Amino acid sequence: MCTSIFQIAYDHSHLLSRTMDWHGLYAFPLFVPRGYKWSSVYDGKEYINKYAAIGSGHDRKMHADLSDGVNEFGLSVQKLTFANASRQYAKTRNEKKIQLAPFEFAFWAMTNFRSVQELIESLPSIEVMNDNEALNEYGDADLHYAVADPSGRFVIIEPLSMPMRVIENPLGVVTNAPNFKREVNKLNDYMPLLPEYLNGQLSYNSQHVASKDFSGKKQLPGGYTPSARFIRAAYLKERSDSAADQEEQLVNARNILNSVTVPKMSSRSDTYTVYRSAVALETRTLYYENYSATGLFKLVLNDSLLEQSKEIFFKEDTSNFQTISLN
């Protein structure tokens, strides 16, 4: 369970935000440098990153990992749960392909490509693998991926075939629902979608995909199913005023994400929104807030950080409950 939102401001800046809904908090702000060496848990093959990146991540058995983030060229990749994806993963080793565990794809993509287009062009050479022939068992890691860059292009990459399938997404919203087209069709009951959007003719950098007349449409659904979260996030993104700049984008994102943030409810499920994050693509800035802390933490991939040669974890800096006293 996760929800992602992509926004374009009047000043042409871009912000990709998300909730991370999981069983516990394992990801914290993380910096990974250029030249970072790591080995895949699938086959032990060694990789060396071309580009530095920051994001929300943690240290796995054989390498650091990012669940979302942004690299030094503004390319951002997120991984989100995706029902039954593992049934379509490749099963057999192939020395001619780059073969990765599903949870490694976002990290590999962010640290090796400059743009959405570059990444898409590489997809025929990569396979996301189940663990039938893996060196390390990792079970059913059902994932798909949201990808954006400063051109304003936002796509979903789905591992329902190899090469993986690319879905253009000017709507700017994605959850873990298994059929994106079906989710978009449901929106017709809640908003007046533009014909050019429905016909696939809407250009990049379109903050809105619906007209302004919402009269006669259904009331928003409650609950935290993928469809309910998708509809609420898309509706509120459409109804919200376009932001002037990055700061207003962040305010909008936090308020929209409030509608899909899952509280701890043990009687319902053991998953909840363990953290929320946003990355500003032009300024290479990460904003991060976890469930238990009250602060919004900021990490910038600036020149000083780019000079660092080792990964840096910021776990201890982001776990405190903080308040600001007014008297």
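The reply below treats the ring pairs and then their surroundings.

Analyst: This is a predicted model, in which local features need pLDDT of at least 70 and side-chain atom pairs count only at pLDDT 80 or more, while totals for chains, interfaces and linings use all residues. Residues are numbered from 1 along each chain as its sequence is written, and side-chain values use heavy atoms, with hydrogens and water left out.

The structure contains 14 aromatic pairs. Rings of Phe, Tyr and Trp (its six-membered ring) are paired if their centres lie within 6.5 Å; planes under 30 degrees apart count as stacked, over 60 as edge-to-face and the rest as tilted. One of these pairs is formed by Tyr 51 and Phe 73: the ring centres are 4.9 Å apart and the planes stand at 75°, so the pair is edge-to-face. Tyr 51 belongs to the loop between β5 (46-48) and β6 (53-59), and Phe 73 to the loop between β7 (64-71) and β8 (76-81), so that the pair links distant parts of the chain, 22 residues apart. Strands (E, at least two residues) and helices (H or I, at least four) are DSSP runs numbered from the N terminus. Tyr 51 has a relative accessibility of 12% and counts as buried, whereas Phe 73, at 31%, is partly exposed. Here buried means under 20% relative accessible area, exposed over 50%, and partly exposed in between (1.4 Å probe, protein chains only).

Tyr 272 and Tyr 291 also form an edge-to-face pair, with 4.9 Å from centre to centre and 75° between the planes. Tyr 272 lies in strand β15 (residues 272-280) and Tyr 291 in the loop between β16 (285-290) and β17 (297-300), so this pair ties together parts that are 19 residues apart in sequence. Tyr 272 is buried, at 12% relative accessibility; Tyr 291 is partly exposed, at 35%. Elsewhere, ring pairs join Tyr 36, Trp 38, Tyr 47 and Phe 107 into a cluster.

Rings also meet charged groups. The charged end of Arg 60 sits over the ring of Phe 103, 3.7 Å from its centre, and Arg 232 lies over the face of Tyr 224, at 5.7 Å from the ring centre. The criterion is that NZ of Lys or CZ of Arg is within 6 Å of the ring centre and within 35 degrees of the ring normal.

As for the fold, the chain has seven helices and 18 strands. Buried residues make up 57% of its 327 residues. In soluble globular proteins, nonpolar side chains tend to be buried together. A nonpolar core is a set of buried Ala, Val, Leu, Ile, Met, Phe, Trp, Tyr and Cys residues joined through side-chain atoms within 4.5 Å. The largest such core holds 54 residues, of which Ile 54, Leu 171, Leu 187 and Met 191 touch the most other members. Helix α5 (residues 226-239) gives the most to this core, with five residues. Another core lies apart from it and has 40 residues, including Val 116, Met 129, Tyr 145 and Met 164.

Helix α5 also holds Lys 237, which counts as buried at 1% relative accessibility. Beyond its neighbours within four places in sequence, Lys 237 is in contact (heavy atoms within 4.5 Å) with residues including Ile 5, Phe 6, Leu 171 and His 208. Lys 237 and Gln 7 are 230 residues apart in sequence, yet 8.2 Å apart in space, C-alpha to C-alpha.
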